[in-house]
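User: Could you walk me through this structure step by step? I am new to this, so please spell out the terms as we go.

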Amino acid sequence: FQTTMDVAAEDSDQMPSGFHAKAAAKAARLRREAAKLASASALESPGGIESRPGEWAPTQSKLLRRVAVAARPGHFELSLQYGPYSVAYDTTGRLLALCGRGGHVAAFEWRQKRLMFESQVNEPCHALTWVGAGSTPQLAVAHSNWTYIYDAQGLELHCLKRLHKANKLFWLPRHWLLAACTDTGHLHWQDVSTGQTVASYCGHHGPLRVSALHPDSGCVLTGQPNGQLCIWTPLEKRPVVKMLCCPAGVRAVATAPAGHAVYTLGGDSRLRVWDIRCLRPLSVSDSGADAASIRLFDAAPQLAVSQRGLLACPVRQGAALMVLPAGGAKPLLSHPSPGRLSDLAFCPWEDVLAFGHARGLGSVLVPGSGEPNPDGAVHPLSGKRQRREAEVRGLLDKLPPETIAPPAVGGGVNAVDAEGIEEALARKRAAVMALPSDEVRQFQPRRRSGKASGELNRKVGERWQRRRMELRQLLKSKKRVLAEMGDEGADAAGGRKTKKAKKVSQSGELTKPATGTFLDRLIPKAD
Amino acid sequence: MKVKLLLRNPQDYLRETADDIHKLARNPAPELHPMSAETEYVRALNAAKLERVFAKPFLGCFGDQGDQLSRVCMHPRALSLCLSGCVDGRVAFWNIPRRSRVLQLDAHSGCVQGLCWHPEQDLFYSCCDTDRTLKAWRVGDDLVEFSRPVSQRHLDFAPLNLDHHVSKDLFALSGDAVYLYDSRRSDPVGQWKWGSDSVLQARFNPTEWHLLAAVTKDNALLLIDTRQREPLRRIRCEFRQNALCWNPQEPFVLATASDDYNLYSWDARRLASPACVYRGHTNAAMDVDFAPTGRELVSASYDCTVRLWESGRSQSRDVYHTKRMYRVFAARYSLDARFIVTASADFNLRLWKARASEKLGALTPRERAAVNTAEALKQKYAHHPQVRRIVQHRHLPKRLYQAQLEMKAIRGKQRRKEVNRREHRGEDKEPFVPERDRHVRGVDE
């Protein structure tokens, strides 16, 4: 977990001051200690392939000969007839669901090959995602017109007519939101726990055919034909961030299940990696060499990223899939596909990759793709009771949709509202520095008439004369202090910028201290 | 080629026997915990809401006494016992957890003005202004013994309140002056007075054995050293102070309940102005008591509410009211600082929780951990507007709410006028006076 400060910690000359450098060093030290603690208590270690130089990427049969028999369920092929298939794993990694353009919808536990349900819905199905928590899994499937939610037995629970012509469905587990991008250019966020539609609007950016979810923040990223990457949140009807990431149109967008990396595949067949926190290119290789992009020839626009940063993409126009290591260009392994590849999905917490193609779906072993040590009850071996409790806790900890914001824009619950503080200070300063109102200065006491009024009028007139002198002095001293405070002070007090003030701010020094009044405390001290 | 595939042994994730707790996988790596600050914030918000859901401070009434209650006195050593004094002269002895009356006796012919326990013996004193007597009663197993006072003393003044020394056999009676009596002597050992008005209450300091504080009817607070003939200091306040209490943990701090709807806490070392002004009541504050921890105060008010305060914070932490509770004249903390007993003009003693959403009874370790976590979360996010709004808000009946708005309007008007006057007359003629300097007329030595 890195803040923007940590990103800059690598370049210490970018630190604004010694205080920031110290804070960044402390944060780095705490991170190292936390990592040490985590590794000390870690139960499992990640997988991987160590190959000798010159060795080819292994085939599945080679891998199967070298791993335990218990790993065999991870490799299977299903020949099915109902069109190109999309696949989706649930968050625990236990269940696998598929939907085909021919109307085939099914879900099964892939380890035991236990079928949960299978049905023919007689409508083309374009996308699917598991919703809900692991104890009561539900499947949301985007049919040609509307989106349907099925339960674990295949019974249709809901028909979401608002999610019309959805081509991609996303599940935000911490917010309990089902997000959808549609062919009509609309974006929807539906709360699955209460049934409330959080946001539903037209993005006015054309059909949103290329989209991905950034899981860490909950934002939806879409790729536009003009090469822009747009970041959408439910509270804004316009993209919060628009970033030019390709010279040609964006063909695919993918994000890792955790972290700040965003992968875009452009029309020029180049894969670029971006840091979503600062919207700048992330160097692809760990060695720090600036490999700005990887050329993926004939790459069909499906990308999948695993928990440990492995990237899977179709090659040879969908005839095979290739897995690239994190930050590398040399493929880790590849596998031919019986049909044209239509979808890829890494299994969370396991070293397994599922792929859907025109003639069915398959699953391959990919050593080193799964995160070995899960946290909590969201992992394949958690029991039913633990999953139920985790679901209840998840509902209690449901985050409001206001927390969905791209990290680049900043904010967050603990962010210091620097602008708000500045505004409040400026208001206070303006109130103190407010010049005595003209009404007060030009006030003329009313003249009395009648007996002994002459004396009274004289006295009152004298008193007000004295008061006017005092106000004039006050006005002068305030103006002097304003001038010395410079442009900022003038702005805060609503006064005009004087040439004198500009000169002072440029030199950065105060030429004359103010009078010994209470206004002195407003003069900024020189460093 | 070396290949390692991630394979988990299910035995590592399953509990061994049915008696074990389920195993929970843990990985503290921050990558697996995105939006942890937001989750914590939501938990803090939920904790604040749940606190309000479970905030049911009223535990029960002690039963109708038949007449207005004037005094409450907690036993100095036993948690579950307290005394109450009535305006018709009856003193009742209560069992607090059962809210039942152990015994009642017709102590005096008039209003019981003072009640206090002996710190060590099973003896308590009561005094009355109508019959001008001070009576000592022994609490024993023999109820017959209980119905007659152990000793009785006739006074030549009308006593208004009574307090016993922390350790010595002395007690202070306040009437037209502050009288110090020794239990072995019939005449007062000392007498202090400043001015001609009567003294409403005198209290001994818990650690300085010679120090007494007293509040008088002519809006003054007196500090008396029993080794000297004249009182040490007199602080002239704007309004009458109805009651006073020393802080048991910080014995140089003193709290008074004033007729100008405020409570004041005073530092005895610097009496020029109060250390803190506690604002919130919409009618005269009748009684004040410190918690045994010294960190909290409870005040009983003529506006039919009881307010709880944190020492040093001028806004009340909580406010207790019921439809049936009328003017509250006395409020006392229990010895464990968990309960409050109030005596009010609707003839009832009431028992309240000091922490409104506290769960009474034994907490399991997990419950305790959950409570502590919730408390820590609320403190961490206390400044966030949504959390603050929920934690601070208390429902008030319409008349109290209107009274509060009225007080706000009055104060707002006063402040506005001051600002205008300062602008027109000048800073030197209308200087800014901080809140705590506005309430003291002067200090006399």
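**Annotated spans, salt bridges and patches**

Analyst: In residues 354-440 of chain B, the end C-alpha atoms lie 31 Å apart, and the span is 60% helix and 1% strand, where helices (H or I, at least four residues) and strands (E, at least two) are DSSP runs numbered from the N terminus. This is a predicted model, in which local features need pLDDT of at least 70 and side-chain atom pairs count only at pLDDT 80 or more, while totals for chains, interfaces and linings use all residues. Residues are numbered from 1 along each chain as its sequence is written, chains are lettered from A and ligands numbered from 1 in the order in which they are written, and side-chain values use heavy atoms, with hydrogens and water left out.

User: Which UniProt annotation covers residues 354-440 of chain B?

Analyst: The UniProt record, an unreviewed entry, gives "domain: Sof1-like protein" for those residues; its positions are given in the numbering used here, feature names are shortened, and annotations may be inferred rather than shown by experiment.

User: And what does UniProt list for residues 331-415 of chain A?

Analyst: There the UniProt record, also an unreviewed entry, lists "domain: BING4 C-terminal". The end C-alpha atoms of residues 331-415 of chain A lie 41 Å apart, and this span is 15% helix and 26% strand.

User: Where do A:Glu389 and A:Arg393 sit?

Analyst: Both belong to helix H4 (residues 384-396) of chain A, and because they are four residues apart there, about one helical turn separates them. A:Glu389 is partly exposed at 45% relative accessibility, whereas A:Arg393 is exposed at 53%; here buried means under 20% relative accessible area, exposed over 50%, and partly exposed in between (1.4 Å probe, protein chains only).

User: Are A:Asp275 and A:Arg277 buried or exposed?

Analyst: Both A:Asp275 and A:Arg277 are buried, and their side chains meet in a salt bridge of 3.0 Å, N to O. In the salt bridge between A:Arg52 and A:Glu55, at 3.9 Å, N to O, A:Arg52 is exposed with a relative accessible area of 54%, while A:Glu55 is buried at 17%.

User: What about the surface, which residues gather in a patch of positive charge?

Analyst: That patch consists of A:Arg446, A:Arg448, A:Arg463, A:Arg466 and B:Lys429. Patches are made of residues with over 30% relative accessible area and no salt bridge, with like charges joined within 9 Å and nonpolar side chains (Val, Leu, Ile, Met, Phe, Trp, Tyr) within 5 Å. A:Arg446, from the loop between helix H6 (438-441) and helix H7 (453-485) of chain A, is exposed at 60% relative accessibility.

User: Which residues make the nonpolar surface patch?

Analyst: A:Val416, A:Ile421 and A:Leu425 make a nonpolar surface patch of about 280 Å². Of these, A:Ile421 is found in helix H5 (residues 418-433) of chain A and is partly exposed at 45% relative accessibility.

User: Last one, what is the phi of B:Cys304?

Analyst: Its phi is positive, about 65 degrees, although B:Cys304 is not a glycine. Most residues other than glycine have a negative phi. B:Cys304 lies in the loop between strand E24 (296-301) and strand E25 (306-310) of chain B, and it is buried with a relative accessible area of 5%.

How values were computed:
Areas by Shrake-Rupley, 256 points an atom, 1.4 Å probe, with all protein chains shown as cover. Salt bridge = Lys/Arg side-chain N within 4 Å of Asp/Glu carboxyl O. Lys, Arg positive; Asp, Glu negative; His and termini not counted. Charge placed at Lys NZ, Arg CZ, Asp CG, Glu CD.
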